[in-house]
Amino acid sequence: MKRWLKVGIAVAVSVISVGLAQKSSGTLTAIPVGYAPLLDGVASEDYWAKAPVLEIATEGGGKWKAANKSETSVRMRAVYTKDSMHLLLQWKDPSYSIDRQRWGFDGKVWSKADQVPLDKGGANTLYEDKLALLWVINAPSVVEAGDFWPLYVAPDDAAKYGYNRPVKAAPKGETLDMWHWKLVRNGFTIPAQVDDQYVDSSLDAKTFTEAGRKSDPQPADQPGGYYNNDKEFTAPDGTKVKGPKYYVPGNNNVYIITQDMIDRGQAKEIADYPALMSLPAGTALPGVVGRPHTGSRGDILGKATWRNGEYTLEISRKLNTGDAEHDVIFGDLSKRYYFGIAVFDNTQIGHGFSDLYELVFAK
């Protein structure tokens, strides 16, 4: 695996990547198939065994390195139908990490687990497993260098632009499409999804709250996406107390709550402070509620299973989403498309990442 020297000059948009002038480290070949896979994380379709396998190595780097077992290899396959592309990704992960920053109750106080701030590297014990793909939309310097992973801006530099946390941005004027699978937040919604995001070079907190990495747009009248399972309660003395908003009656050790569970009455809202404090000591409830993304942010479907220390993730997306501003468009099947992978083993930031690879479509 290539080793890249990355030099940050004040801001992420000034990142210079120095390395071999090699455009990619390998090629993933997508083969044509007659029908789309059933997205169940099982890969039972016969054509997966026929699709060429690309082995992609990842390693840690930068300020945050790789936490836990994030440095691993991903086996990747691709197929396509007349209108969609489908990916199969498999990688080793020794633990199934769904205990993501849950609310815990000791009988007196409610608190969330592993709230390490982002400027300290973020959570890496009680978090969730994730995998991200970055696709080149318009990034000539990335392709030329063979390395396109944006760097987090150091806190002091980020503060100059109004951010109180490390932020991430692409090289100046360039744009990347991010497919961000998150086990807890995306993996249990109906349908299960991959968060569709993008990375540009914007750095101005007055205008861009998310800095370079942003979520694809969702319609204002169709809110979607996960949200915090938080509610403010008023104690008898007037004190404001934060705690979980939703719980599952009769279950005091809950890992996942989805909007579907709320809509069908399985999960219910905690009415008031007495109800909050009446739950048994030791109760643990999710810190987030999973809800499907809408609009352009909901373009990607993805379902994973974890068995014997290995994930199998199936992903499907239209070849052309109609949103060329935020998405890579696979409109010309004779072209090469560039991408890379990051693996997060129960960690918020400290991931393993790959070099640049290319996708081609076989006829």
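Where is Thr-347 found? Thr-347 sits in the loop between strand E22 (337-344) and strand E23 (352-353), with strands being DSSP runs of at least two residues, helices (H or I) runs of at least four, and both numbered from the N terminus. Keep in mind that this is a predicted model, where local features need pLDDT of at least 70, side-chain atom pairs count only at pLDDT 80 or more, and totals for chains, interfaces and linings use all residues. Residues are numbered from 1 along each chain as its sequence is written, and side-chain values use heavy atoms, with hydrogens and water left out.

**Thr-347 and Glu-128**

- Thr-347 counts as buried because its relative accessibility is 0%; buried means under 20% relative accessible area, exposed over 50% and partly exposed in between, using a 1.4 Å probe and protein chains only.
- Leaving aside residues up to four places away in sequence, Thr-347 touches Ala-67, Asn-68, Ser-70, Ala-123, Asn-124, Tyr-127, Glu-128 and Lys-130, where a contact means heavy atoms within 4.5 Å.
- Thr-347 and Gly-122 are 225 residues apart along the chain, yet their C-alpha atoms are separated by 7.5 Å.
- The Thr-347 side chain also reaches the backbone nitrogen of Gly-350 at 3.3 Å.
- Glu-128, one of the Thr-347 contacts, has its place in the loop between E8 and E9.
- Glu-128 is buried too, because its relative accessibility is 0%.
- The side chain of Glu-128 reaches the backbone nitrogen of Leu-183 at 3.5 Å.
- Beyond residues up to four places away, the contacts of Glu-128 include Ser-97, Lys-182, Arg-185, Phe-344 and Asn-346.

**The largest pocket**

- About 800 Å³ of space lies in the largest pocket; the volume is the space filled by probe spheres set on grid points, which are joined across faces, edges and corners.
- Of its 35 lining residues, Leu-118, Tyr-127, Arg-185, Arg-213 and Gln-348 are the closest to the centre.
- A pocket here is an open set of points on a 1 Å grid over the protein atoms alone, where a 1.4 Å probe fits, with protein on both sides within 12 Å along at least five of seven lines; lining residues have an atom within 4 Å of a point.
- Strand E9 (130-138), strand E10 (175-182), strand E12 (213-215) and E22 each give two or more residues to the lining.
- E10 gives the most, with three residues.
- The lining divides into 16 nonpolar, nine polar and 10 charged residues, with Ala, Val, Leu, Ile, Met, Phe, Trp, Tyr, Cys and Pro counted as nonpolar, Asp, Glu, Lys and Arg as charged, and the others, Gly among them, as polar.
- Thr-175 lies in E10 and is buried, with a relative accessible area of 17%.
- Among the residues that Thr-175 touches are Val-136, Tyr-198, Asp-200 and Glu-325.

- Five of the five residues of E24 (residues 357-361) are buried, so the strand is largely enclosed by the rest of the structure.
- Tyr-357, Leu-359 and Phe-361 point one way from E24, while Glu-358 and Val-360 point the other way.
- In a regular strand, side chains alternate between the two faces of the sheet.
- Strand E3 (residues 27-32) pairs with E24 in the parallel sense over four bridges; two strands pair if DSSP finds at least two bridges between them.
- Ala-30 has Phe-361 of E24 as its bridge partner.
- E22 and E24 run antiparallel and are joined by three bridges, with Tyr-337 standing opposite Leu-359.

**The E8-E7-E18 sheet**

- Three strands form an open sheet in the order E8-E7-E18, with antiparallel pairing.
- Strand E8 (110-112) and strand E18 (284-285) are the edge strands, each pairing on one side only.
- Two bridges join strand E7 (residues 103-105) to E18, and Trp-103 has Leu-285 as its bridge partner.
- Leu-285 is buried, with a relative accessible area of 0%, and its contacts include Arg-102, Trp-110, Tyr-247 and Ile-270.

Conventions:
Polar contact = N/O pair within 3.5 Å; in protein donor to acceptor, adjacent residues only side chain to side chain.
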